Amino acid sequence: MRSKILYAILAFAQPIVGWGDVGHRTVGYLAQKYFTDQASQWVDNLLANENEYDISDAAVWADAVRYHRHYTEGWHFVDANDNPPESCGVNYKRDCVNGCVISAITNQTSIVLDHSQSTTVQTEALMYILHFIGDIHQPLHAEKLDRGGNEIKVCFDNRCSKENLHSIWDTDIIHKINGLKHTEKHNQEKDAAAKWASQLYSGNQEKGVTSTAEECDNIQDPESCSVQWATETNAYVCSYVLANGIDWLKNNDLGGDYYDGAVPIVESQISKAGLRLAAWVNALAAAAGSDSGFTVQRGRVDL
Ligand SMILES: *[C@@H]1O[C@H](CO)[C@@H](O)[C@H](O)[C@H]1NC(C)=O
């Protein structure tokens, strides 16, 4: 129960970071729709250790703990030292020197299947993975400039006081897509996320995307998949997020045309995050089930 109460307190106190709660919850609910039976079972067993956590509660947990586990703060993003909007790119050696979302996915992937770890640590590893595969799909979580846009003050639908470019990509755009007011209570966010996940799922079906088969799921070399995901995410920083330059962003309300252009990007990234997370969890559950001497490569950066 303690973690529940702590979470409730932190949920109200926290500044906005990472896809906001709705984004992360949606990634969790969407992934769940693509889980194999084995994966559903495996996830349920691990989350049974957390009081009444559904998949979406588990997917936002990492944001709640980051304020008392300061060492985890750098695990939510990768600071691409590129030069947007002229040139974008993620370079693992250059951008992940002290750890980043890519090395965090690698680390937690190896921990979640490691029987020498306590059940608590394995459960937490799963919850970190549910969160970080979401984060790695937010364009400004794969960008260093102005602390991932946190220092670029902007206006969104005439709100100018606390808004910055990072927070509108985390939260404002998503709330507007889902008809949510700027500040919503916990339950409304959950309901909105469940509904949005169903819509994104139907959208995938209509496009002929019916399984996770196309997604990278090499759990023995997590870096290769995560570098690919981060690179794809970061490319949006040049092609859209900062394409018009910082002055333009500061001088235009971003709730209009900019929002309209951002919607398909956000929908596509949340949708990809859900599919990829499902592919990952399905592969993890299969490995946990077969239990045949699992090893994760932890190659290029020391963990
Ligand atoms: C790996 O994860 C464990 C458990 O969360 C953590 O204690 C450790 O600091 C992590 N290591 C790195 C290098 O991120």
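1. Is Lys272 buried, exposed or partly exposed? Lys272 is partly exposed, with a relative accessible area of 24%, where buried means under 20% relative accessible area, exposed over 50% and partly exposed in between, computed with a 1.4 Å probe on protein chains only.

2. This is a predicted model, in which local features need pLDDT of at least 70 and side-chain atom pairs count only at pLDDT 80 or more, while totals for chains, interfaces and linings use all residues. Residues are numbered from 1 along each chain as its sequence is written, and side-chain values use heavy atoms, with hydrogens and water left out.

3. The count of salt bridges comes to 13, a salt bridge being a side-chain nitrogen of Lys or Arg within 4 Å of a carboxyl oxygen of Asp or Glu. Lys272 forms one with Glu232, with the closest N and O atoms 2.9 Å apart. Glu232 lies in helix 11 (residues 222–241) and Lys272 in helix 13 (residues 257–290), so the pair ties together parts that are 40 residues apart in sequence; helices here are DSSP runs (H or I, at least four residues), numbered from the N terminus. Glu232 is partly exposed, at 30% relative accessible area.

4. A salt bridge also joins the side chains of Asp57 and Arg25 (2.9 Å, N to O), which links helix 4 to helix 2 (residues 21–33) across 32 residues. Both Asp57 and Arg25 are buried.

5. Arg66 and Asp63 meet through their side chains in a salt bridge at 3.4 Å, N to O. Arg66 is buried at 8% relative accessibility, and Asp63 is buried at 0%.

How values were computed:
Helix = DSSP H or I, 4+ residues; strand = E, 2+ residues; numbered from the N terminus.
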